[in-house]
Amino acid sequence: MKKIVSAFLLFFGGIVTTQAQLLPGVEFGLKGGVNLSSLKSGKKYFNSDNKIGYQAGIYGRVGVLGFHLQPEIYLSSRKTIAKTEDGGETDVKFTAIDIPVLLGKRFGLGTFGARIQTGPIFSFNLKDNQQRAIAGLDPQSYKKNSTSWAFGIGADVSSLRVDLRYEMGLSNINSNSKANPKINTWSLGVGYRLFKMN
């Protein structure tokens, strides 16, 4: 009898676990973090030093079978120092609305898990500020939108979300520059799940 009960409990537990993986889960939360950005010049007109910026906003996640789609929207501030070979130097700052749309895979069950994620980030420039013009960067010619591609890892611990990402710039951010500048960013974000539906 004990063997039958044990087998039944094992079978029932397997069904519950399988259903939990098959049924879509939806969650929503807040997130914030810091980032380090640099300007990449395809023709080596200049190099740049990182400065600390921030990000703050919301995220959502829809997951099924261990995979998930994670759209986000947040306000971001990216800062860097651009330097030319002839000694020119200027601070550059961008304030933008970023919208990542990430596809991910989660490993683990229940409240603990690790994640890998990748996908595009669409940025809409609200404000740019460059102290002075230098070779390869015209302060009056920054574009209003740009695209990057994110690669990241993350962890879920109960309602806490932690993400480390590298965002590789795909588009030229300055329309009047032969340097073809792109912005690359490392970001460390922390999120908190407000609610979840299974």
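These are my notebook entries on a predicted model of one protein chain.

**Entry 1: ground rules.** I number residues from 1 along each chain as its sequence is written.

**Entry 2: confidence.** I looked up pLDDT, the predictor's confidence in each residue on a scale from 0 to 100, and found a mean of 87 for the protein chain, with 88% of its residues at 70 or more. I marked residues 7-21 for caution, because pLDDT is the predictor's confidence and stays under 50 over that stretch. For residues 7-21 the model has four contacts beyond four places in sequence, a contact meaning heavy atoms within 4.5 Å.

**Entry 3: overall layout.** I listed one helix and eight strands in the protein chain, taking helices (H or I, at least four residues) and strands (E, at least two) as DSSP runs numbered from the N terminus. Along the sequence the pattern reads α-β-β-β-β-β-β-β-β. Of the contacts with a separation of 6 or more, 64% are made by residues 24 or more positions apart. Of the 198 residues, 39% count as buried, where buried means under 20% relative accessible area, exposed over 50%, and partly exposed in between (1.4 Å probe, protein chains only).

**Entry 4: aromatic pairs.** How many aromatic pairs are there? I counted three aromatic pairs, using the rule that rings of Phe, Tyr and Trp (its six-membered ring) pair if their centres lie within 6.5 Å, with planes under 30 degrees apart counted as stacked, over 60 as edge-to-face and the rest as tilted. Phe28 and Phe195 have ring centres 5.7 Å apart and planes at 25°, so I record this pair as stacked. Phe28 belongs to strand E1 (residues 25-40) and Phe195 to strand E8 (residues 182-197), so that the pair links parts of the chain 167 residues apart. Phe28 is partly exposed at 28% relative accessibility, and Phe195 is partly exposed at 40%.

Another pair, Phe94 with Tyr142, is edge-to-face, at 5.1 Å centre to centre and 80° between the planes. Phe94 sits in strand E4 (residues 89-107), whereas Tyr142 is in the loop between strand E5 (112-130) and strand E6 (145-157), 48 residues apart. I found Phe94 buried at 10% relative accessibility and Tyr142 buried at 8%.

**Entry 5: a charge over rings.** I then followed Lys105, which lies over the face of Phe67 at 4.6 Å from the ring centre and whose charged end also sits over the ring of Phe107, 5.8 Å from its centre. The rule asks for NZ of Lys or CZ of Arg within 6 Å of the ring centre and within 35 degrees of the ring normal.

**Entry 6: salt bridges.** The structure holds 13 salt bridges, each a side-chain nitrogen of Lys or Arg within 4 Å of a carboxyl oxygen of Asp or Glu. One of them joins Arg61 and Glu27 at 4.0 Å, N to O, linking strand E2 to strand E1 across 34 residues, and both Arg61 and Glu27 are buried. In another, Glu72 meets Lys31 with the closest N and O atoms 3.2 Å apart; Glu72 lies in strand E3 and Lys31 in strand E1, so parts 41 residues apart in sequence are tied together. Glu72 and Lys31 are both buried. Arg106 and Asp156 come to 3.0 Å between their closest N and O atoms, connecting strand E4 with strand E6 across 50 residues, and both residues are buried. I also noted that salt bridges with shared partners join Glu27, Arg61, Arg106, Arg115, Asp156, Arg161 and Asp163 into one network.

**Entry 7: positive phi.** Leu65, a residue other than glycine, has a positive phi near 55°; Leu65 lies in the loop between strand E2 (46-64) and strand E3 (67-84) and is exposed, with a relative accessible area of 51%. Asn180, also not a glycine, has a positive phi of about 55°. Asn180 is in the loop between strand E7 (160-169) and E8, and is partly exposed at 29% relative accessible area.

Note on methods: Heavy atoms only, no water.
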